[in-house]
Amino acid sequence: MIPLVVPSRVCMNRLIDSDMMDAKLILEDGTVFYGRSFGYDGDAVGEVVFNTAMSGYPESLTDPSYAGQILVMTYPLVGNYGVPETDGKPLPKFMESDKIHVKALVVADYSQTFSHWNAKESLAKWLKREHIPAITGIDTRRLTKVLRESGVMMGRIERELNSPSSLSSVSSRPSPMNVSYGSVNWVEKVSCKEVITYRPNPLNPLNPSNSLTSKRVVLVDCGVKANIIRCLINRGIEVVRVPWDYDFNQLDFDGLFLANGPGDPERCEMTVEHIRTFMRKEEAKARGESVRPLMGICLGNQLMARAAGAKTYKLKYGHRSHNQPVRMVGTTRCFITSQNHGYAVDDVTLPEEWEALFVNLNDGSNEGVRHKRFPWFSAQFHPEACSGPTDTEWLFDEFVSQINGFTPPSNLSLRAPLARNEVSNPSNPSNLSNLLNSSNSSTPKKVLLLGSGALKIGQAGEFDYSGAQALKALKEEGVQSVLVNPNIATVQTSKDVADIVYFQPVTPAFVERIIEKERPDGILLSFGGQTALNCGVELYKKGILEKYNVMVLGTPVQAIIDTEDRDLFVKRLDEIDVKTIKSEACSSIEEVRQAAHRLGFPVILRAAYALGGLGSGFCDNDEELSVQAEEAFSFSPQVLVEKSLKGWKEIEYEVVRDQYDNCITVCNMENFDPLGIHTGESIVVAPSQTLTNSEYHKLRALAIKIIRHLGIVGECNVQYALDPQSEDYRVIEVNARLSRSSALASKATGYPLAFVAAKLGLGYGLFELNNSVTKTTTAFFEPALDYVVCKIPRWDLTKFHGVSHRLGSSMKSVGEVMAIGRTFEEAIQKGLRMIGQGMHGFVDNKLLQVKDIPDTLQHATDMRIFVVAKAMLMGYTVEQIHRLTMIDSWFLQKLKHIIDIDERLQEFAYLSEMSQVMEPMEFIEYVETPEFVELLCDAKIYGFTDFQIARAIGLEAYMKMEQASLMVRKWRKDLGIVPVVNQIDTLAAEYPAQTNYLYLSYL
């Protein structure tokens, strides 16, 4: 095999600490990836595996299941929120064990700066202290594809020993890759060495039964994650943790738990024999006494199956992601799970008394087994999932309830027999085909879709996108579509998109006449924005839909009303103990004034049923309150007065639910600007950049809880305010419809939200629909991004005389752009030059005149990000700008990074003069110096155009900028600095994709 060198050594990510050494990752097949080392100054050998999580690197690094492995993070930005305090008794806080277990870490773009209230140190400092090497500047997408196509393999990280200080380390070189990962008993290495007892926390039992405190579970430690123990002791269980080879049958206990761990289950035959002994004893007493429950997770699942008599086998790729979809066999219930394993149970070899419990929706492999008579069950995935989603944590409730002999307070249970025994075939994943594309006999024949009406400020083209996607879904199902939309300049009103088009206003009067004429079976309300939603609610309240027997497809109208009526919304979320902003609903200006004084200034007024935050605004005193109240009541008969949370982070989740109660979150987004600016007015980044695993999944779980409680079917958007100094949160609003955020989420992830939502409205389940990108997996999955998306609004405020340029809670933008890159700096610079304001990026733009920089920073305008650039160039520190803007320091540090590159480019201004007086062949020697080549690489990786580089180094003084840009382009092409074409495949390269959705990047 010819070794592959990826990428060119010229294109390494060089803009890191100067003391970092060149390094490379060498795979077993000879493929070489070059980068720079950070963390511990050493080398490492291990099995190379990838992880698709977009947060949770502290948890993953301390997961014992990664013992002996080199971990590749597919998400390119790692280190954003630093590392929290690692100590804790009896279990470490925020970690899965008391030390790092990976052999080494591989990332694309290590973030040296971090920002989080709970951060104690940087990732690099932690790795150094733990003696864990790491490498950055690697094309992790290409690396993931190699592992996907060839299977996991051994690898070695080496530093480039090219300096005198490093020559003394030659003797520390690791041994060659001549020992396979499976030849080592990794369980023995990570298991505890003695019996440890953990007693329950009486102050925090998740199960209210007081009797739980007396129960004891033996946990066989094959490499247990700390969160498994937390899940048990928080439910009132005393946990006795024993080593992997300990004969636990000699102990007195009420239940047996088999933990996760690394490596091949065949290495744990001693543990398997102890489990067999337990099973035989329980079977012997089954007729006269109750059988003690047994639960296994991950490796525990494999060990339990082997004890029962089944076989295990090694997966070619393994399951390493946090978005693996599984289905409970014989049911319509599906779950998103976190996984990290390379072996699986061959469930066709299970004895008669056993059956498959869960199946993987991607490859058909087994995900859990259970005994048909006894309370013994297991899961291949991680219900405790830290890091990762905790959608299946109810399995712990099931286990504890079986120990205590009562039914858990959940609509999920393993007690009922499965509807049918569907076993998977590891060698033939096509057994999933019976789940896909099933016919739906109740599908309506004719459906009316309400469009959004005329485009206006606060409502751009996103609803044309969602409506067109919905019409495409109807056409694919053979459903006749009737569209109401007066806007002729849209895609959805184009020929052959809809079967029948009415160019009429989207109002109850006109729509009723259309219903009377067309007599549709169903109506879709959530694809035309607030205009369509308000119209649909009026049709419902007036009895028009009932009169003509028109069925509302997807989300019920009452759920829409519950989310749109602010008072009802707060009451509904109070029912499930979900925090909302302290507020009062008012119907008069006097009520608004009284409510504001009770809550205390500052407050924000919000008009119910209003599009784009119309009528809303912040008020600091009575005078501002009166003006804002009058405006708010001009848009709505109901106004909500809320306590202001200005300065908090604003986070959004796009959530999807089908009629079977299966839920996924398709995209998570973080506003660049803090709360106080409407989402449509803010720069938005996907996925979130400054949230820890705990915060990310706490808000995700709340979003799913909310959508289930409200009964939404299809897609909705949940917006949060998150305290930047704690995990405290408030739900701002829920949009029970497609929104501009939905359009962003669809295009950011490649997941066709509106198309899927329309299919769900017709009665399909998520698992019955194809993933339109891979064509081989189901639509029940959560996209994993290995890139950064940045949305930037576009304003046309200069066209209006006398209009204020200040931004607030009411929208003024007329559109937006979206940029994709492998670094935040690249994505935001791409976006800034696309908004049509004559800018070339964050720097090297036309001179900006600002009268009062502090005031302009404190009060956001359509030009604030460029004022941030000007302030940085004038010497304002990140901390000063943060205090004025409340923009998270991590974002500001990244913008400062762009300034730093630009200033370093200016140091090479002498090249511009030399290029005019020297011969080309002589001049190229100066361009080829390592310092300039590395800087040129950095500039391209972090989003600089050839134009910006040319202006920074002063070529503008000697030639026209068009010619200067071409000269820089020629330099970098001669140096081999060219971009790569990356595919947006929604699954971080874990599965092959059939899509032409592409973007260019230099990393």
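1. Strand β2 (residues 22-27) pairs with β12 in the antiparallel sense, over five bridges. The model is predicted. Within this pairing, L27 has G155 of β12 as its bridge partner.

2. Strand β4 (residues 44-51) also pairs with β12. The sense is antiparallel, and there are five bridges. Here E47 stands opposite M154 of β12.

3. Is β12 enclosed or open? Strand β12 covers residues 153-159, and seven of the seven are buried. Buried means under 20% relative accessible area. The strand is therefore largely enclosed by the rest of the structure.

4. Now turn to helix α20, residues 753-761. Nine of its nine residues are buried, so the helix is largely enclosed by the rest of the structure. The buried residues include L753, F755, V756 and L760. K759 is buried as well, and so is G761.

5. What do the buried residues of α20 pack against? Two helices take part: α10 (462-476) and α19 (740-749). Three strands do too: β34 (649-657), β35 (663-671) and β37 (714-722).

6. Look next at how α10 and α20 meet. Two packed helices are described by the angle between their axes and the distance between the axes. For α10 and α20 the angle is about 45°, and the axes lie 7 Å apart. That angle makes α10 oblique to α20. Their crossing is right-handed.

7. Which residues make the contact between α10 and α20? From α10 come S466, Q469, A470, K472, A473 and E476. From α20 come A754, F755, A758 and K759. By class, the contact of α10 with α20 has five nonpolar, two polar and three charged residues. A754, F755, A758 and K759 are also among the buried residues of α20. An α-helix has 3.6 residues a turn, so residues three or four places apart point the same way.

8. Check the backbone just after α20. There G763 takes a positive phi of about 110°.

9. Finally, K812. This residue is found in the loop between β39 (788-794) and β40 (815-821). Its relative accessible area is 22%, so K812 is partly exposed. Buried would require a value under 20%. K812 and Q689 are 123 residues apart along the chain. Their C-alpha atoms are separated by 26 Å.

Terms used
Residues are numbered from 1 along each chain as its sequence is written. This is a predicted model: local features need pLDDT of at least 70, side-chain atom pairs count only at pLDDT 80 or more; totals for chains, interfaces and linings use all residues. Side-chain values use heavy atoms; hydrogens and water are left out. Buried means under 20% relative accessible area, exposed over 50%, partly exposed in between (1.4 Å probe, protein chains only). Helices (H or I, at least four residues) and strands (E, at least two) are DSSP runs, numbered from the N terminus. Contact means heavy atoms within 4.5 Å. Axes are lines fitted to C-alpha atoms, for helices over the stretch in contact, and angles run from 0 to 180 degrees between N-to-C directions. Angles under 35 degrees count as roughly parallel, over 145 as roughly antiparallel, 65 to 115 as roughly perpendicular and the rest as oblique. A crossing is left-handed if the near helix is turned anticlockwise from the far one by less than a right angle, and right-handed if clockwise. Ala, Val, Leu, Ile, Met, Phe, Trp, Tyr, Cys and Pro count as nonpolar, Asp, Glu, Lys and Arg as charged, and the others, Gly among them, as polar. Two strands pair if DSSP finds at least two bridges between them.
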